[in-house]
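Subject: A structure for you to look at

Hello,

Here is the structure I promised to send over. Have a look at it first, and then read on for what turned up in it.

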Amino acid sequence: MLLYDAHNHLQDERLALHLAEVMPATERGGVVRMVVNGSCEEDWPAVLALAKLYPQVLPSFGYHPWYVKDRTQEWKQVLTRHLDQAPSAVGEIGLDRWIDDYDLPDQEEVFIWQMQLATERDLPASIHCLKAWGRLLELLQTGPKPRRGFLLHSYGGPQEMIGPLAKLGAYFSFPGYFAHERKLRQRETFRHIPLDRLLIETDAPDQLLPDNLNAFPLTDPKSGKPINHPANLVAVYQFLANWLNEPVAGLAARVEENFLRLFGESNTKERAKPTA
Ligand SMILES: [Zn+2]
């Protein structure tokens, strides 16, 4: 089985000291591709460096809504330069009304500019959204969006919005975090995702799975707090297959097709084949 992580943050400093152990573990688990999302200017060179080091890494560059207030005067040029070097994906970008002191007009301006860039280059965009689903839908309906589609990572929006969002080109990825008991509503929502729009993610080192599913316990060396290991992707596939009541191999084949359609076959296939 070939596994595809639609969203993680391998460049996160909490994983840095663990990488020598983490990457072989993901390989043994069957992870052939992972979309590694840089979320701010500081991240982007690190993401690019990882892509050069590890063939599994599909680099993605964007300004996350949590960090837009820190952007420099040159952020647009810096972002464009990274995408020139690795023209693979835009993200993580988005809208967030859950954090304290959010500045929505500011977030929207940065989001729309990045969606325009993704549209011009027809690159897949990875979108984060918390408590701003109505506004996101409006912006997607009226603003630019890449023809090939975009990912709504860890989709936690209402079930009724799946149809309208899918019509605009949305894919929806399921994180292991939704396996927690209290995430029943989000799990239920995933029973209604169109078959050709479903993806799976770890969001590592964030969105830790429940303890009983966490096959790769890992801690942040600095804080001593538990973090999510990218090789937990295997457990997320298994959990979702059980939840959707289908064999994991069938689910994996479907997710592979979806991943390749959205994130590009040319980037992915050659590297995926030898491990098949
Ligand atoms: Zn993320």
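**What was found**

Let me begin in a loop: Pro 205 sits between strand E8 and strand E9 (218-219). Please keep in mind that this is a predicted model. The peptide bond that leads from Ala 204 into Pro 205 is cis, with omega near 10°. Another cis peptide bond joins Gly 91 and Glu 92, and its omega is about 15°.

**The chain as a whole**

The chain contains 11 helices and 10 strands. Along the principal axes, the C-alpha atoms fill a box of roughly 45 × 40 × 40 Å. Of the 276 residues, 58% count as buried. The accessible surface comes to about 12,200 Å², and 52% of this belongs to carbon and sulfur atoms. Among contacts between residues at least 6 apart in sequence, 72% join residues at least 24 apart.

**The zinc site**

Which residues hold the zinc ion? The ion is coordinated by His 7 (NE2), His 9 (NE2), Glu 92 (OE) and Asp 203 (OD), at 2.1 to 2.7 Å. The arrangement is irregular because the 4 donor atoms subtend angles of 84 to 169° around the ion. Along the chain, the donors follow the spacing H-x1-H-x82-E-x110-D. His 9 lies in the loop between strand E1 (3-8) and helix H1 (13-16), while Glu 92 is in strand E4 (residues 90-96), so this pair ties together parts that are 83 residues apart in sequence.

Are these two residues buried or exposed? His 9 is buried, with a relative accessible area of 7%, and Glu 92 is buried too, at 2%. Leaving aside residues up to four places away in sequence, His 9 touches Leu 15, Asn 37, Ser 39, Glu 92, Asp 203, Ala 204 and Pro 205.

**Aromatic rings**

A pair of aromatic rings is described by the distance of the centres and the angle of the planes. There are 13 aromatic pairs in this model. One of them is Phe 174 with Phe 178, which is edge-to-face, with 5.8 Å from centre to centre and 85° between the planes. Phe 174 has a relative accessible area of 0%, and Phe 178 has 5%, so both are buried.

Phe 174 also pairs edge-to-face with Phe 190, at 5.1 Å centre to centre and 80° between the planes. This pair links distant parts of the chain: Phe 174 is in strand E7 (residues 170-175), and Phe 190, 16 residues apart from it, is in the loop between helix H8 (184-189) and strand E8 (198-201). Elsewhere, ring pairs link Trp 44, Tyr 63, Trp 75 and Trp 113 into a cluster.

**Two backbone angles**

Most residues other than glycine have a negative phi. Asp 122, in the loop between helix H5 (104-121) and strand E5 (125-130), has a positive phi near 45°. Lys 131 is not a glycine either, yet its phi is positive at about 55°. Lys 131 belongs to the loop between E5 and helix H6 (133-142) and is exposed, with a relative accessible area of 54%.

Enjoy exploring!

Technical notes
Residues numbered from 1 in each chain as written. Predicted model: local features only at pLDDT ≥ 70, side-chain atom pairs only at ≥ 80, totals over all residues. Heavy atoms only, no water. Donors = N, O, S within 2.8 Å, 3.2 Å for Na, K, Ca; no water. Tetrahedral: all angles 85-135°; square planar, octahedral: opposite > 155°, others 65-115°. Helix = DSSP H or I, 4+ residues; strand = E, 2+ residues; numbered from the N terminus. Buried < 20%, exposed > 50% of the residue type's maximum accessible area, 1.4 Å probe, protein only. Contact = heavy atoms within 4.5 Å. Areas by Shrake-Rupley, 256 points an atom, 1.4 Å probe, with all protein chains shown as cover. Phe/Tyr/Trp six-rings, centres within 6.5 Å; stacked < 30°, edge-to-face > 60°.
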